[in-house]
Amino acid sequence: MELLQEFTLKDGWTVKDEKDYRIFLKGFIDTMPLGISTLIYGVVYGVMASKAGLSIFETIGMSAFIFVGASQMTAVQMIAIGSSPISIIITVLIINLRHLLLAASISPYLKDVSKKMKMINAFLMTDESYAVTYSHFQTNKPSSIYFLGSGINIYILWGSAGVIGFFFGNIISPQLNYIFDFAFVAAFIGMIVPMIKDFPTVATVVTSAVVSITGSQLITGKWYIIIAALLASTAGYIVSELKSKVEANRVIKGGIDCEH
């Protein structure tokens, strides 16, 4: 009887489907605060695309098939100044190399997921969906469905914002440009702060900030993003190892003191 109840159909959904739906919905809702930030600077992308001479179909197509916020804005800026396609592709590739690190970070939580779902999760992975999902996985059972809900949230809001910015960007007061510019920064600050819970993370964030700011002034192109990511990861790893050794020595010393 209990087994029957477990698989009873209800309005076309199995119990398992309903559970997946709730997980999907939670991922979608949990991402909404960052999605709203994405919506704001997505409008900026639409405005930039319009001013760069892109058609509405090209603007939507870039969001639908490429779906890389910061890189899209960089690409549009380069199109506006007449950069070559090769230089645009290389620049976008460099900016998005950080996704390799994000994917490597979250892949252990999804090792039992099908290849098809992994590909979907990979396409929909953004800085925002990664931050929300990674934080969720620290205290909850990992689920590709949750990751999917988070990614769909950003996908819909980012795409919609581009259309809004394309058609209605001209009616936005220039005085509000500062708000749109800061929305991009605020979104990333909002992603990082909740994840800072221990000293290794502090070391990672501080190293990343220092190297990024310094590198943006001294290094040509966008390579400073990758350099900052690698150095920050290394700093976080070293501090984490040192912390583990100090705690291990403290336990050993405590055991020796107890014996005496």
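The paragraphs below go through this predicted model from its overall fold to its core and its charged pairs. Local features are reported where pLDDT is at least 70 and side-chain atom pairs only at pLDDT 80 or more, whereas totals for chains, interfaces and linings use all residues. Residues are numbered from 1 along each chain as its sequence is written, and side-chain values use heavy atoms, with hydrogens and water left out.

The protein chain holds 13 helices and zero strands, where helices (H or I, at least four residues) and strands (E, at least two) are DSSP runs numbered from the N terminus. Of its 260 residues, 35% are buried, a term that means under 20% relative accessible area, with exposed meaning over 50% and partly exposed in between (1.4 Å probe, protein chains only). Among contacts (heavy atoms within 4.5 Å) between residues at least 6 apart in sequence, 76% join residues at least 24 apart.

In soluble globular proteins, nonpolar side chains tend to be buried together. Here the largest nonpolar core has 31 residues, and those with the most contacts inside it are Y45, L54, M73, V76 and W158; such a core is a set of buried Ala, Val, Leu, Ile, Met, Phe, Trp, Tyr and Cys residues joined through side-chain atoms within 4.5 Å. Helices that each supply at least two residues of this core include α3 (32-51), α5 (69-80), α10 (144-168) and α11 (177-192). Leaving aside residues up to four places away in sequence, Y45 touches E58, T59, M62, S63, Q72, M73, V76, W158 and G162.

Side chains of opposite charge can pair when their charged atoms come close. The structure holds two salt bridges, each defined by a side-chain nitrogen of Lys or Arg within 4 Å of a carboxyl oxygen of Asp or Glu. In one of them D127 meets R98, at 2.6 Å from N to O; this pair links distant parts of the chain, with D127 in helix α9 and R98 in helix α7, 29 residues apart. Both D127 and R98 are buried, and the buried residues of α9 also include E128, Y130, H136 and F137.

The other salt bridge joins D30 to K26, whose closest N and O atoms are 3.3 Å apart. D30 and K26 both lie in helix α2 (residues 15-30), four residues apart, which is about one turn of the helix. D30 is partly exposed, with a relative accessible area of 29%, and K26 is likewise partly exposed, at 41%.
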